[in-house]
Amino acid sequence: MAKIGLSYPYVAKYNATEEGVVTYTQGQVLAKAVEMSTSIEAGKDNNLNADNGVAETDSTFGGGELSVTTDDLMQEASALIMGITPKKLTIGEETINELIYDDNMNPPYLGMGLIIKKQKDSAPKWRAVVFTKIKFSIFDEAATTQGGTIEWQTSEIAATIMRDDSANHAWKREATFDTEGEARAYIKAILGEKSA
């Protein structure tokens with residue numbers, strides 16, 4: 001199947017018990033997806049030679065990096081992934097939500113899902129991918145002034161991919177569906193929906 005699209009970056013706060021039960025809370029759409037890539041570390045070329053040949057080899061997941069580019073990061077999503085509690089600030093008669101990036105911020109562990117659109121034999125398919133435990137790094141800011149034509153500017157954020165605390169230490173889950181709605185439902189079934 002050829003990849004032809006990307007959508008629905010969805011995040012939720014990660015929780016795990018001492019018994020290894022993983023749950024998620026505060027699920028929400030992060031933004032609109034532009035691009036996603038991963039770089040996975042695995043036990044490559046770690047061979048055990050016996051009887052003059054390779055008898056065993058290690059391909060254990062050792063961690064990874066996730067890079068996600070979105071159209072923009074809104075305040076609510078930024079607050080969640082950076083572990084910031086929004087503050088109310090009154091200016092004149094208007095009250096606004098303010099995010100303060102300081103010593104009190106504490107980026108939490110999260111789960112993250114995305115949908116990769118594919119095509120096979122002229123039929124579209126939607127592959128839902130969930131990274132079970134990630135943590136975003138503090139992100140850079142960049143912007144360019146507007147000229148005669150609009151230069152579209154996006155936000156890129158990076159996260160570390162880890163194994164979760166379940167019995168088998170999952171780091172990724174995935175399933176492929178005939179509709180995008182089914183793929184979204186799969187992600188929400190794992191990461192949960194934000195309670196009202």
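Predicted model: local features only at pLDDT ≥ 70, side-chain atom pairs only at ≥ 80, totals over all residues.
**Close-ups of salt bridges and a buried glutamine**

Residues are numbered from 1 along each chain as its sequence is written, and side-chain values use heavy atoms, leaving out hydrogens and water.

**View A. K125 meets D178 in a salt bridge.** The N to O distance is 2.4 Å (a salt bridge puts a side-chain nitrogen of Lys or Arg within 4 Å of a carboxyl oxygen of Asp or Glu). K125 is in strand β10 (residues 123-136), and D178, 53 residues apart, is in the loop between β12 (172-177) and α2 (180-191). Helices (H or I, at least four residues) and strands (E, at least two) are DSSP runs, numbered from the N terminus. D178 is partly exposed at 49%.

**View B. K133 pairs with D165.** Here the salt bridge spans 3.2 Å, N to O. K133 is buried at 10% relative accessibility, while D165 is partly exposed at 36%.

**View C. K188 and E193 form a salt bridge at 3.5 Å, N to O.** K188 is partly exposed at 28%, and E193 is exposed at 54%.

**View D. Q28 sits in strand β2 (residues 22-29).** Q28 counts as buried, at 10% relative accessibility. Leaving aside residues up to four places away in sequence, Q28 touches P9, Y10, V11, E76, A77, L80 and K194 (contact means heavy atoms within 4.5 Å).

Terms used
Buried < 20%, exposed > 50% of the residue type's maximum accessible area, 1.4 Å probe, protein only.
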